[in-house]
Amino acid sequence: VLYAATTGTGGGTVGIVLARDASGTWTTSFSGPNDDGVFWGFVEFNSNLYIAWLDQTNVQSRIYQFAAGVWALDLNIITTFAEDDQEFPGEPYVFDSNLYYPYGPTAGATGFTLKRTAAGVWSQPVTATAVQPTAGLTGA
């Protein structure tokens with residue numbers, strides 16, 4: 001199965017995750033929580049699929065997990081780490097058997113990196129970084 005994501009338009013069109021099966025048919029696999037957000041950065045980790053969701057208008061920053069055929073909220077970044085500066089998610093990566101999601105920085109905010117262990121524990125090993133989210137292994 002191939003996955004792709006769209007962004008919300010803020011005008012009533014919700015961002016979605018699409019799945020393409022072996023016959024070439026695209027179907028909606030998951031819909032974002034509202035029409036103002038952006039899906040970003042698919043990554044496979046421990047046989048599950050992850051994607052970030054950012055909605056700067058409604059102050060939502062989340063990471064969703066696709067496991068056993070179901071999409072579910074895996075991390076609410078704002079409530080778990082009190083990160084409300086709305087940094088933009090970078091490209092996630094797996095390093096040393098852990099999943100990393102770098103964020104930011106954006107104007108007026110500093111970036112940070114999130115880490116998820118194979119046991120499902122999220123932490124924030126890097127805070128206040130000026131490294132751009134696509135610049136490499138900021139969580140190493």
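In what order do the three strands of the open sheet stand? The order is E1-E2-E3, and the pairing is antiparallel. The model is a predicted one. E1 and strand E3 (26-31) stand at the edges of this sheet, each with a single partner strand, so one side of each has no neighbour there. On average, neighbouring strands of the sheet are turned by 30° against each other, direction ignored. Strand E2 (residues 16-20) pairs with E3 over five bridges, in the antiparallel sense. Leu 18 stands opposite Thr 28, which belongs to E3.

Confidence comes next. Mean pLDDT for the protein is 83, and 83% of the residues score at least 70. Among the elements, strand E7 (residues 70-76) has the highest mean, 95. Strand E11 (residues 122-129) has the lowest, 79. Over residues 131-140, pLDDT stays under 50. For that stretch the model has 27 contacts beyond four places in sequence.

The nonpolar interior was then examined. In soluble globular proteins, nonpolar side chains tend to be buried together. Here the largest nonpolar core has 14 residues. Those with the most contacts inside this core are Ile 63, Tyr 101, Tyr 103, Leu 114 and Trp 122. Two or more residues come from each of E4, strand E5 (48-55), helix H1 (77-81), strand E9 (98-103) and strand E10 (111-116). E9 gives the most, with three residues. Ile 63 touches residues from several stretches of the sequence, not counting those up to four places away. Among them are Tyr 50, Ile 51 and Ala 52. Others include Ala 72, Leu 73, Asp 74, Leu 75 and Ile 77. Tyr 101, Tyr 103, Leu 114 and Trp 122 are also touched by Ile 63. A second, separate core has nine residues, including Phe 39, Ile 51, Tyr 64 and Trp 71.

Aromatic rings were treated separately. A pair of aromatic rings is described by the distance of the centres and the angle of the planes. The count comes to eleven aromatic pairs. In one of these, the rings of Tyr 3 and Phe 42 have centres 6.5 Å apart and planes at 40°. Stacked pairs have planes under 30 degrees apart and edge-to-face pairs over 60, so this pair is tilted. Tyr 3 lies in strand E1 (residues 2-5) and Phe 42 in strand E4 (residues 38-45). The two residues are 39 residues apart, and the pair links distant parts of the chain. Tyr 3 is partly exposed, at 22% relative accessible area. Phe 42 is partly exposed too, at 28%.

Tyr 93 and Tyr 100 give a stacked pair, because their planes stand at 15°. Their ring centres are 5.3 Å apart. Tyr 93 is buried, with a relative accessible area of 11%. Tyr 100 is also buried, at 5%. One aromatic cluster is formed by Tyr 3, Phe 30, Phe 39, Phe 42, Trp 53, Tyr 64, Phe 66 and Trp 71.

Two serines have positive phi values. Ser 47, a residue other than glycine, has phi near 65°. Ser 47 lies in the loop between E4 and E5. Its relative accessibility is 67%, so Ser 47 counts as exposed. Ser 97 also has a positive phi, of about 65°, although it is not a glycine. The loop between strand E8 (93-95) and E9 holds Ser 97. At 58% relative accessibility, Ser 97 is exposed.

Note on methods. Residues numbered from 1 in each chain as written. Predicted model: local features only at pLDDT ≥ 70, side-chain atom pairs only at ≥ 80, totals over all residues. Heavy atoms only, no water. Phe/Tyr/Trp six-rings, centres within 6.5 Å; stacked < 30°, edge-to-face > 60°. Helix = DSSP H or I, 4+ residues; strand = E, 2+ residues; numbered from the N terminus. Buried < 20%, exposed > 50% of the residue type's maximum accessible area, 1.4 Å probe, protein only. Core = buried A, V, L, I, M, F, W, Y, C linked by side-chain atoms within 4.5 Å. Contact = heavy atoms within 4.5 Å. pLDDT = per-residue confidence, 0-100. Pairing = 2+ DSSP bridges. Axes fitted to C-alpha atoms, helices over the stretch in contact; angles between N-to-C directions.
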